[in-house]
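Here is a short report on one protein fold. Look at the sequence and the structure first, then read on.

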Amino acid sequence: ALEFPCLFAEPSIRPTTMVRSHRGNGHWSSHPFNVELLQSDLLPLVSSGEGHGALFVSRAGTNRASKCAVEVESIAREAGYRVVRLHEIPWREQLAEFAGAHRVVAQHGAGLANLVMCSANTEVVELMDPSYASPLYSLLSEQLNLAYRRIVANLDNVGPWRRALQQ
């Protein structure tokens, strides 16, 4: 008889779980109730405290990282950002990082689903490649009253990252 080991993992937030109701304008977004439900379930999981300030979400160390990812991490640190690699930290720490941030700079991706933890008026700068432009996190930011900005550019060039990291 074959034995199958059990895999236990903490739950995760995926953009697909956020995208449930149609807005009627050709784009999909989450119903405000879904966002409120997520926040009410998740906010108690993180301790309230002083914010971390500016947060830079890096993909360095992954196969989806830009060619200049490590250099951009250095630039972000020099600019006063707390640099996190979400793929290296536990889920609850990810929630806490976003809950404590007043500014988030990140490349488009599933990690931005953690924006549900941000306070109203948190600044969000999302970078994305011109070959893939999705409105998902701009719509989520609108629902959460976040100050959202998008930069569409070649992300293997350090220039767009420098612009995004300017405060």
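Asparagine 145 follows helix 5 and has a positive phi, near 60°. Helices (H or I, at least four residues) and strands (E, at least two) are DSSP runs, numbered from the N terminus. This is a predicted model, in which local features need pLDDT of at least 70 and side-chain atom pairs count only at pLDDT 80 or more, while totals for chains, interfaces and linings use all residues. Residues are numbered from 1 along each chain as its sequence is written, and side-chain values use heavy atoms, with hydrogens and water left out.

Helix 5 is mostly covered, with 6 of its 8 residues buried (under 20% relative accessible area; exposed is over 50%, partly exposed in between; 1.4 Å probe, protein chains only). Those buried are Leu136, Tyr137, Ser138, Leu139, Leu140 and Ser141.

What does helix 5 pack on? The sheet has 5 strands and is open, in the order 4-3-5-6-7, with parallel pairing. Two strands pair if DSSP finds at least two bridges between them. The edges are strand 4 (82–84) and strand 7 (147–152), each pairing on one side only. From one strand to the next, the twist averages 15°. Strand 6 (residues 123–128) pairs with strand 7 in the parallel sense over 6 bridges. Here valine 124 stands opposite tyrosine 148 of strand 7. Helix 5 packs on this sheet and touches strand 6 and strand 7 (contact: heavy atoms within 4.5 Å). Its direction makes about 170° with that of strand 7 (axes are lines fitted to C-alpha atoms, for helices over the stretch in contact; angles run from 0 to 180 degrees between N-to-C directions).

Next, the cores. A nonpolar core is a set of buried Ala, Val, Leu, Ile, Met, Phe, Trp, Tyr and Cys residues joined through side-chain atoms within 4.5 Å. The largest one has 25 residues, and Val57, Phe98, Val104 and Leu115 have the most contacts inside it.

Neighbours within four places in sequence aside, valine 57 contacts Val84, Leu86, Phe98, Val104, Val105 and Ala106.

Overall, the protein chain has 6 helices and 7 strands. Of its 167 residues, 43% count as buried.
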